[in-house]
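Here is a short report for a first look at this protein. Start with the picture, then read on for the details.

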Amino acid sequence: MALTNRSPEVGSSTPEAPRKVSLGEYVRAYVALSKPRVIELLLITTIPVMFVAAGGVPPLWIAVATLLFGTMSAASANAMNCYIDRDIDREMRRTRQRPAAMDLVTPRGALVYGLILAVGSTVGFLVFVNVLSAVLSLFAIGFYIFVYSMLLKRRTAQNVVWGGIAGCMPVLIGWAAVTNSLDWAPFVLFLVVFFWTPPHTWTLAMRYREDYAAAKVPMLPVVAGDRRVLLESVLYSWATVIVSLAFWPVAGTTWFYGVVALILGALLVFQAHRLLSRSNAGVTGAKLKTMGFFHLSNAYLALLFSAVTIDPLLAGVLG
């Protein structure tokens, strides 16, 4: 897992002497390869479902082990994604600072790092949690690498729709870790994340449309106009809210979760319709302010799953 420097610029008369890389730079490069901000989002959905599965605070050791090996699993998939996408990452402003794209990490180093994490997380789940969580974790890694990164991402505008399944798996893993089984409640939350992912990603992709086009990645905003992208975003936002409300009766939550889901859902749908209305009125480009929806959708998911966490604790207090 070697750390390297960039090659000398073309046309340079004398090659640059290799710069000694500090341990801190070495560690930071591999941490960045894991995409820690993406992992944070996955943990937001893992922890709450464990509270629901346990009907309160989950067993401490199970929670710690699940978060540790879940983090390793996600880091594994992210590192191997960086290995696969290093060519297109160099073409995009948003990703060109990634270690593999900048040649701070060798391709072999990125791949080996990802494989070691994949093995470690799978074995960890098997030994310290249970077989079901290990199988689900391994499925998530494989789906993200082979289905999304290698098959869908560069071939279809539906890449993030079906590729987003990998990002939904932490919900099932968290439930399985606590109960060693699956039920309807985690599948409902799985669908919340599934329907939430496309509009969240597309509004970001609208901001970086030129980057995706330069990298020849057929994201929906690259191959379709604003109106179609925002219309589909409205539909997926409605689906997200409807499914989130279905969790209320399916999981038998209290009024607290239902009220929070209604308020957050109203805000999400309102903002989606607002963007579509602005597009229909002829507003284009940066003036659409799609990043406002992107940030709102981040807050929506975090707050909704916070309510999922709090609700079983509140139910225990109410008795």
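Glutamate 232 and arginine 228 share helix H12 (residues 226-251), where they sit four residues apart, about one turn of the helix. They form a salt bridge, with the closest N and O atoms 3.0 Å apart. A salt bridge here is a side-chain nitrogen of Lys or Arg within 4 Å of a carboxyl oxygen of Asp or Glu. Glutamate 232 is buried, at a relative accessible area of 17%. Arginine 228 is partly exposed, at 43%. Buried means under 20% relative accessible area, exposed means over 50%, and partly exposed lies in between (1.4 Å probe, protein chains only).

The model is predicted: local features need pLDDT of at least 70, side-chain atom pairs count only at pLDDT 80 or more, and totals for chains, interfaces and linings use all residues. Residues are numbered from 1 along each chain as its sequence is written, and side-chain values use heavy atoms, with hydrogens and water left out.

**Overall build**

The protein has 14 helices and zero strands. Helices (H or I, at least four residues) and strands (E, at least two) are DSSP runs, numbered from the N terminus. How does the radius of gyration of the protein compare with that of a compact globule? With 319 residues, such a globule would have a value near 20 Å; the protein has 21 Å, which agrees. That radius is taken over C-alpha atoms, and the globule rule is 2.2 Å times the number of residues to the power 0.38. Along the principal axes, the C-alpha atoms fill a box of roughly 75 × 55 × 30 Å.

Buried residues make up 50% of the 319 residues. The accessible surface comes to about 15,100 Å², and 68% of it belongs to carbon and sulfur atoms. These areas come from the Shrake-Rupley method with a 1.4 Å probe; for residues, only the protein chains shown count as cover.

The protein carries 25 positive and 15 negative charges, and their mean positions are 4 Å apart. Lys and Arg count as positive, Asp and Glu as negative; His and the chain ends are not counted. Each charge is placed at NZ of Lys, CZ of Arg, CG of Asp or CD of Glu.

**Salt bridges**

The structure holds eight salt bridges. Three of them are listed here.

| Pair | Closest N and O atoms |
|---|---|
| Aspartate 87 and arginine 154 | 2.9 Å |
| Arginine 98 and aspartate 89 | 3.4 Å |
| Glutamate 232 and arginine 228 | 3.0 Å |

Aspartate 87 forms a salt bridge with arginine 154. This pair links distant parts of the chain, 67 residues apart: aspartate 87 is in helix H4 (residues 86-89), and arginine 154 is in the loop between helix H6 (131-152) and helix H7 (159-163). Aspartate 87 is partly exposed, at 35%. Arginine 154 is also partly exposed, at 33%. Both belong to a network of salt bridges that links Asp85, Asp87, Lys153 and Arg154. By contrast, arginine 98 and aspartate 89 are buried.

**Two helix positions**

Alanine 74 lies in helix H3 (residues 60-84). Is alanine 74 buried or exposed? It is buried, with a relative accessible area of 9%. Leaving aside residues up to four places away in sequence, alanine 74 touches Ile39 and Leu42. Its C-alpha atom is 7.2 Å from that of isoleucine 141, 67 residues away along the chain.

Glycine 167 lies in helix H8 (residues 165-179). Glycine 167 is partly exposed, at 24%. With the residues up to four places away again not counted, glycine 167 touches Leu42 and Val193. Leucine 41 is 126 residues away in sequence, yet 9.1 Å away in space, C-alpha to C-alpha.

**Two loop positions**

Most residues other than glycine have a negative phi. Aspartate 103 has a positive phi, near 60 degrees. Aspartate 103 sits in the loop between H4 and helix H5 (107-129) and is partly exposed, at 25%. Lysine 289 also has a positive phi, of about 60 degrees. Its place is the loop between helix H13 (255-280) and helix H14 (290-318). At 60% relative accessibility, lysine 289 is exposed.

Technical notes:
Contact = heavy atoms within 4.5 Å.
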